[in-house]
Amino acid sequence: MKESFWGVFIVGLGVTAISFIYIFQNLTNTDEHNYNLLKETTEAAMIDAFDLASYRENGVIRIDREKFVENFYRRFAENANLARTYYIAIYDVNEEPPKVSIEISSTEKSSITNEVIEFDIVNRLDAILEIPY
């Protein structure tokens with residue numbers, strides 16, 4: 001009888017360990033996805049918003065604020081995970097020199113034994129557009 005309790009304990013411990021590994025793997029994948037999506041989307045939107053006419057006339061490197069925001073939201077929505085709710089905060093968009101500050105937050109929910117656990121995942125990025133001469 002004592003050996004059977006040890007067997008049940010080992011199986012229960014294994015199931016618990018696998019559930020914790022699953023939760024943290026899901027959190028890590030979500031965080032990595034959000035960061036890479038934020039980085040690539042910001043870079044592409046800044047390049048799309050580059051004001052080429054201003055550069056040709058005066059040699060000034062600048063971006064258009066409205067065009068950047070429009071391109072950022074469109075590109076982010078195309079690639080975001082539809083199962084999550086994202087909150088996007090654009091704190092600063094400098095047109096000249098081109099610099100943006102963006103924060104994206106999402107909530108990851110997981111349930112263990114009828115208890116819902118929520119994790120807030122926040123990614124922040126300050127980006128400067130660099131153009132090679």
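Residues are numbered from 1 along each chain as its sequence is written, and side-chain values use heavy atoms, with hydrogens and water left out. Because the model is predicted, local features need pLDDT of at least 70 and side-chain atom pairs count only at pLDDT 80 or more, while totals for chains, interfaces and linings use all residues.

The chain contains three helices and three strands. Both are DSSP runs numbered from the N terminus: helices are H or I with at least four residues, strands are E with at least two. Along the sequence the order is α-α-α-β-β-β. The radius of gyration is 22 Å, well over the 14 Å that the globule rule gives for 133 residues, so the chain is more spread out than a compact globule. That radius is taken over C-alpha atoms, and the globule rule is 2.2 Å times the number of residues to the power 0.38. Along the principal axes, the C-alpha atoms fill a box of roughly 85 × 30 × 20 Å.

Buried residues make up 29% of the 133 residues in the chain. Buried means under 20% relative accessible area, exposed means over 50%, and partly exposed lies in between (1.4 Å probe, protein chains only). The chain exposes about 9300 Å², of which carbon and sulfur atoms supply 56%. Accessible areas come from the Shrake-Rupley method with a 1.4 Å probe; for residues, only the protein chains shown count as cover. Among contacts with a separation of 6 or more, 55% join residues 24 or more positions apart. A contact requires heavy atoms within 4.5 Å.

Helix α1 spans residues 2–48 and includes Ile-10. Ile-10 also belongs to a nonpolar surface patch of about 460 Å², made together with Trp-6, Phe-9 and Leu-13. Patch residues have over 30% relative accessible area and no salt bridge; like charges are joined within 9 Å, and nonpolar side chains (Val, Leu, Ile, Met, Phe, Trp, Tyr) within 5 Å.

Helix α2 covers residues 52–58 and contains Ser-54. Ser-54 counts as buried, at 11% relative accessibility. Neighbours within four places in sequence aside, Ser-54 is in contact with Gly-59, Val-60 and Arg-62.

Six salt bridges are found in the whole structure. Each is a side-chain nitrogen of Lys or Arg within 4 Å of a carboxyl oxygen of Asp or Glu. One of them joins Glu-95 to Arg-62, with the closest N and O atoms 2.7 Å apart. Glu-95 lies in the loop between β1 (86–94) and β2 (99–112), and Arg-62 in the loop between α2 and α3 (65–79), so the pair ties together parts that are 33 residues apart in sequence. Glu-95 is partly exposed at 23% relative accessibility. Arg-62 is partly exposed as well, at 21%. A network of salt bridges links Asp-51, Arg-62 and Glu-95.

Arg-74 and Glu-78 pair at 3.5 Å, N to O. The two residues are four apart in α3, about one turn of the helix. Arg-74 is partly exposed, with 39% relative accessible area, whereas Glu-78 counts as exposed at 54%.

Lys-99 and Asp-92 form a further salt bridge, at 3.1 Å from N to O. Lys-99 is partly exposed, at 25% relative accessibility. Asp-92 is partly exposed too, at 26%.
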